[in-house]
Amino acid sequence: MIRTLAAVSVSLVLGATALVAHHSVSVNFDTTKAFDVTGVVKEVKIRNPHSQIVLDVTSADGTVKEWFIEWNDRNAMVRRKVPFERLKVGEKITVNVNPNRTENNVGFFRTATLSDGFVLRDCGFTAFREAVANDKDITC
Amino acid sequence: MLTRTMLVPIVLAMSVSVAAAQGKRADLDGVWILANSATIEGVKLTPAGEAARAKYDHVKDDPDMRCIPTTITRVMHTPSPPLEIRQRPDHIEINYEFMDVHRRVPLKPGLAAKDAPYAVEKWPHLGRSVAHYEGETLVIETVDAGAGVFDTLGMPGLYQSTQMRTVERWTADGNRMRVVITHTDPVYYQQPFTVTFTHQKLPDGEILPWDCVPAEAGYDRFKKPAVK
């Protein structure tokens, strides 16, 4: 019994380490894999707790499929000065994503290459708090 | 009618009472962000706690996916959104950006937590709280929290009963703040356990509206493919 309880306690600590970064990212997306998705921006919703970009992606046979790209919360990206306003509806972009674990048209945003070549990214919370600790402006 | 002679001891007694509630206030006021991941120690589940955790389904059971703050500990686990603390003469004001949780904790000597008002008017399930000082440590006791999911982020799938009692100890040292929360709930836990948060000050920080919308927060946002 004592051994069982000890095992439970250890697994909780390990689980906490694995999941504390953000519940939806690690639980819902495979962060060990990444690939590009190219499409036309249909919708941009920068919001809390999760932002979302909808892409119209045209396949080789001409069919168009919607892709849903999950991104970080609006407030965090405002603080980190992420220029998300550069995303424009109607623009063709390429987004590098971590795939969702269950849905084949959902991914988590890593970077987006815009039509002018600009690479949009979010440095993340760790970079932000390090910049704050060192009294520096964050630049991604 | 009260005479001056009678008023003096009354005023003195009131002053002592307020001083006891206020203590020697720590330099906690300001806006803070997490400096690193929380430390969780001493979690040992009862059989009821193990059974509840085994049934937990993060897709269906996570209150945050419906824009409901699960518990204060869960709110504090969220990495990015800051919190703001202001020590008022008769209460502590804590504003958590995550889920727009605005908490008011009375500083009132003699007031038991069970008799205190709900600390977050909009969310009674976050319990009744009362605060006092021990030296430069702010201490907040909370009882009468709602039964249900306890945490979905640091320790996903843990539950709490209505017997959950938490004691938060807030201390500051310059630009660092430490919050140690001791949780006691004999229904789901064999012993008290602690969660420790370390924060760093966010200069010129402000709390922004969270404005969570349930339809946009839940897993329904992952729509099925729409082929044209």
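Helices are DSSP runs of H or I with at least four residues and strands are DSSP runs of E with at least two, both numbered from the N terminus. By that rule, chain A has four helices and six strands, and its elements, taken from the N terminus on, follow the order α-α-β-β-β-α-β-β-β-α.

This is a predicted model, in which local features need pLDDT of at least 70 and side-chain atom pairs count only at pLDDT 80 or more, while totals for chains, interfaces and linings use all residues. Residues are numbered from 1 along each chain as its sequence is written, and chains are lettered from A and ligands numbered from 1 in the order in which they are written.

**Chain A**

A residue is called buried if 20 or more other C-beta atoms lie within 10 Å of its own, exposed if 12 or fewer do, and partly exposed in between, with C-beta atoms placed from the backbone. On this scale, 29% of the 140 residues of chain A count as buried. Two residues are in contact if their C-beta atoms, placed from the backbone, lie within 7 Å; among the contacts in chain A with a separation of 6 or more, 51% come from residues 24 or more positions apart.

Strands are said to pair if DSSP finds at least two bridges between them. Strand β1(A) runs antiparallel to β4(A), to which six bridges join it, and in this pairing A:Thr38 stands opposite A:Thr94 of β4(A). Strand β1(A) is also joined to β2(A), again in the antiparallel sense, by five bridges, with A:Glu43 having A:Val54 in β2(A) as its bridge partner. The strands β1(A) and β2(A) form a hairpin, and five residues lie between them. In the loop between β1 (35-45) and β2 (51-58) of chain A sits A:Pro49, which is joined to A:Asn48 by a cis peptide bond with omega of about 0°.

Another loop of chain A, the one between α3 (74-79) and β4 (92-99), holds A:Gly90. Is A:Gly90 buried or exposed? A:Gly90 counts as exposed, because it has 8 C-beta neighbours inside 10 Å. Apart from its neighbours within four places in sequence, A:Gly90 is in contact with A:Val40 and A:Val41. A:Arg121 is 31 residues away from A:Gly90 along the chain, and the C-alpha atoms of the two are separated by 20 Å.

**Chain B**

In chain B, strand β4 (residues 91-96) and strand β5 (residues 101-106) pair in the antiparallel sense over six bridges, and B:Ile92 has B:Val105 in β5(B) as its bridge partner. The hairpin of β4(B) and β5(B) has four residues between the strands, and in this hairpin B:Met99 takes a positive phi near 65°.

Two further residues of chain B have a positive phi without being glycine, namely B:Cys67 and B:Asp211. B:Cys67 is in the loop between α3 (58-61) and α4 (72-77) of chain B, whereas B:Asp211 is in the loop between β12 (193-201) and α5 (214-217) of chain B. The table sets out their values.
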